[in-house]
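These are my notebook entries on a single chain. I set out what I looked up, in the order in which I looked it up.

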Amino acid sequence: MAQLIKLQDYITRYEADIYRYPNQYIRLKKQQWKTYEEMLRNPVDTQSPSHIAQLEDTTPSKEGKLISLMKSFKKKDQEEELFTGKLVTTDAIHDEEWELPSITGNKTPEERKQQFLDSILPLQLKWASSTIREMSYLQKNYKRENLLKYFLQRFPDTFFVMYKPIFLVKQAPVELEIILVTPNEIIALFYMEEQEESVVLGNNERFWSIREKEKERKIVNPTISLNRMGSIIKNILPLYDVSLPVTKILLHPKGYIDITDGPTDLQVVDKRTYEKWFEKMRANKLPLKHTQLKAAGALLSHCQSTYIDRPEWQ
């Protein structure tokens with residue numbers, strides 16, 4: 001599950017410390033997954049009279065064991081933080097808690113997995129809209145936005161997602177599309193949310209055509225946005241002595257793209273090539289890289305952030 005390091009102009013923990021939170025996220029997710037697997041192996045009906053009676057008993061229950069297991073994971077995490085000299089306050093630890101889904105009803109393994117992934121989303125949005133001291137006002141629609149969930153839930157933990165970030169270019173705010181910072185490349189991506197089976201006809205002109213069933217309409221050439229994204233990224237990286245390939249991708253998984261006389265440095269992924277591209281992305285097992293973290297930090301330092309102090313610090 002990819003990491004949301006920037007959401008529009010919200011303050012994010014990753015810009016506070018890009019070298020700490022990616023590893024903390026991966027470690028936390030692994031711990032929670034182990035706990036969730038244990039819950040699946042030992043399901044507890046929390047509504048049954050026997051379970052309620054069991055809770056009143058002083059004898060440790062299965063649920064008690066699970067809670068103890070979770071506490072032991074948390075204690076181990078604290079010890080690691082102390083060992084590395086990064087003291088985490090009680091408030092900070094409390095802030096990272098997330099609620100695992102309850103084990104109720106008959107569900108398939110895939111449905112259980114999806115429940116687990118959905119349970120992470122609130123934590124991801126919290127990290128992408130607040131730090132320990134500051135917070136931004138999060139729009140509720142992001143909790144239901146399918147495109148955001150697609151990029152977060154379908155790609156590896158080591159991928160960083162910048163979702164429609166607002167960069168400051170010569171002090172002017174510029175909203176971009178989607179940037180994926182992976183261990184071995186940076187992807188500037190334009191996702192075409194067009195109808196199923198639609199055909200996009202492109203060229204070097206300012207406007208392209210889209211054929212949808214019996215209709216045809218015009219859209220602004222998306223490569224204009226992609227070229228702007230590529231230029232901004234490539235101008236920032238050398239300022240921080242970062243060298244990482246930048247790939248521009250035009251993605252239309254539900255339909256087709258036909259371009260004549262288009263840019264040569266553009267990778268087109270449509271319905272004909274989507275599965276192969278998608279599997280290649282998911283098969284990327286490279287660990288987090290120092291260059292990747294440095295690149296992400298450089299890009300974040302050029303983004304706009306709008307926030308206030310959290311109430312407890314005012």
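I call a residue buried under 20% relative accessible area, exposed over 50%, and partly exposed in between, with a 1.4 Å probe and protein chains only. I take helices (H or I, at least four residues) and strands (E, at least two) as DSSP runs, numbered from the N terminus.

**Entry 1. Model and confidence.** The model is predicted; local features need pLDDT of at least 70, side-chain atom pairs count only at pLDDT 80 or more, and totals for chains, interfaces and linings use all residues. Residues are numbered from 1 along each chain as its sequence is written, and side-chain values use heavy atoms, with hydrogens and water left out. I noted a mean pLDDT (the predictor's confidence in each residue, from 0 to 100) of 86 for the chain, with 83% of its residues at 70 or more. Over residues 77-95, pLDDT stays under 50, and the model has 21 contacts beyond four places in sequence for them. Contact here means heavy atoms within 4.5 Å. Where pLDDT is low, the predicted coordinates should not be read in detail.

**Entry 2. Overall composition.** I found 10 helices and 14 strands in the chain. Of its 314 residues, 46% are buried. Among contacts between residues at least 6 apart in sequence, 66% join residues at least 24 apart.

**Entry 3. Helix α7.** The buried residues are Leu 147, Leu 148, Tyr 150, Phe 151, Leu 152 and Gln 153.

I next looked at α6 and α7 (residues 146-153), whose axes come within 11 Å and cross at roughly 105 degrees. That makes α6 roughly perpendicular to α7, a term for angles of 65 to 115 degrees. Axes are lines fitted to C-alpha atoms, for helices over the stretch in contact, and angles run from 0 to 180 degrees between N-to-C directions. On the α6 side, the residues that meet α7 include Leu 117, Leu 121 and Leu 125; among their counterparts in α7 are Leu 148 and Leu 152.

**Entry 4. Nonpolar core.** I define a nonpolar core as a set of buried Ala, Val, Leu, Ile, Met, Phe, Trp, Tyr and Cys residues joined through side-chain atoms within 4.5 Å. The largest has 82 residues, of which Tyr 150, Phe 151, Ile 186 and Trp 277 touch the most other members. Helix α6 (residues 109-127) gives the most to this core, with seven residues. Beyond four places in sequence, Trp 277 is in contact with Tyr 150, Phe 155, Leu 189, Ile 249, Leu 251, Gln 267 and Val 269.

Entry 5. I count two strands as paired if DSSP finds at least two bridges between them. Six strands form an open sheet of mixed pairing, in the order β1-β3-β6-β7-β11-β13. Its edge strands, β1 (3-7) and β13 (266-270), each pair on one side only. Within this sheet, β6 (residues 178-181) and β7 (residues 186-191) pair in the antiparallel sense over four bridges, and Leu 180 stands opposite Ile 187. Helix α8 (residues 222-236) lies across β6, β7, β11 (246-252) and β13, at about 160 degrees to β7.

**Entry 6. Four-stranded sheet.** I traced another open sheet, also mixed, in the order β10-β9-β8-β12. β10 (215-220) and β12 (256-259) each have a single partner strand, so one side of each is left without a neighbour in the sheet. Strand β9 (residues 207-212) runs antiparallel to β10 and is joined to it by six bridges; Arg 211 stands opposite Glu 216 there.

How values were computed:
Angles under 35 degrees count as roughly parallel, over 145 as roughly antiparallel, 65 to 115 as roughly perpendicular and the rest as oblique.
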